[in-house]
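Let's take a friendly walk through one protein model, starting with a strand and its neighbours and ending with a pair of helices. Have a look at the picture before reading on.

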Amino acid sequence: SRWEESPISANQGHHRIPGHVLLISESEEVWNSLKERAEQVAWVKPGEGYQNLGQGVYTVDLTRPGDYRELIADLKEKNLLPGRIIHLCPKQGFTPRGETLKNQLEKGIYSVFNLGQAIVAEKPGAHVRLAYTYYVPGREGQPVHSAFSGYARTVGRENPKFIYQAVELRTPPGDEVIPASALTALLAGEF
């Protein structure tokens with residue numbers, strides 16, 4: 001696939017996302033907006049460990065593979081295995097060392113790796129599409145997230161049922177977030 005730059009608008013059409021969607025994000029606003037565009041949405045937010053909070057809301061420790069196994073087993077038991085996953089990384093500038101780098105890896109590619117292993121263990125019959133979504137403030141580079149593209153190609157070669165793509169969200173300097181409605185419109189168009 002090829003990278004294409006395009007502006008984000010809340011009025012990018014009224015695409016509906018079919019099937020079961022899994023959102024991994026800290027943003028309740030994105031979850032609420034996504035519920036308007038998807039048939040079924042489960043929201044996973046970072047927490048101390050796996051917990052089913054009810055009404056399609058879960059917490060997991062993003063660093064624990066066992067939390068993802070419990071989550072996916074619970075979703076499978078309820079016949080809610082996701083066909084589409086949106087992994088929205090927190091907005092954070094790149095620092096090549098220390099806790100910030102560790103945090104980016106844990107909430108980014110390591111989290112996707114743990115989730116992917118849990119899904120593979122359940123042997124899904126259908127394709128699984130994942131949009132690894134991350135912010136890039138201004139012109140700042142994000143090598144931690146850019147590395148995801150190589151990982152996505154490897155996953156696709158090993159298991160063609162897994163379709164992973166990176167969605168880079170560039171924000172102008174001073175803008176902290178993209179409105180949830182615009183973000184979900186963009187992601188609905190990706191699926």
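A residue counts as buried when its relative accessible area is under 20%. Keep that cut-off in mind, and remember that this is a predicted model.

**A strand under cover**

Let's begin with strand S5, residues 84-88. Five of its five residues are buried, so S5 is largely enclosed by the rest of the structure. You can check this face by face: Arg-84, Ile-86 and Leu-88 lie on one side of S5, Ile-85 and His-87 lie on the other, and all of them are buried.

**Its partners**

Which strands pair with S5? Strand S1 (residues 17-24) is joined to S5, and strand S6 (residues 128-137) pairs with S5 as well. The table sets out these two pairings.

| Strand paired with S5 | Residues | Bridges | Direction |
|---|---|---|---|
| S1 | residues 17-24 | four bridges | parallel |
| S6 | residues 128-137 | five bridges | parallel |

To find these pairings in the picture, look for His-87 of S5, with Ile-24 standing opposite. Then try Ile-86, whose bridge partner in S6 is Ala-131.

**Two helices**

Now turn to helix H3 (residues 98-107) and helix H4 (residues 109-121), which pack at an angle of about 25° with their axes 3 Å apart. Angles under 35 degrees count as roughly parallel, and H3 and H4 are therefore roughly parallel to each other. On the H3 side, Gln-104, Leu-105, Glu-106 and Lys-107 make the contact, while H4 brings Ile-109, Tyr-110 and Ser-111.

Definitions and conventions. Residues are numbered from 1 along each chain as its sequence is written. This is a predicted model: local features need pLDDT of at least 70, side-chain atom pairs count only at pLDDT 80 or more; totals for chains, interfaces and linings use all residues. Side-chain values use heavy atoms; hydrogens and water are left out. Axes are lines fitted to C-alpha atoms, for helices over the stretch in contact, and angles run from 0 to 180 degrees between N-to-C directions. Angles under 35 degrees count as roughly parallel, over 145 as roughly antiparallel, 65 to 115 as roughly perpendicular and the rest as oblique. Contact means heavy atoms within 4.5 Å. Buried means under 20% relative accessible area, exposed over 50%, partly exposed in between (1.4 Å probe, protein chains only). Two strands pair if DSSP finds at least two bridges between them.
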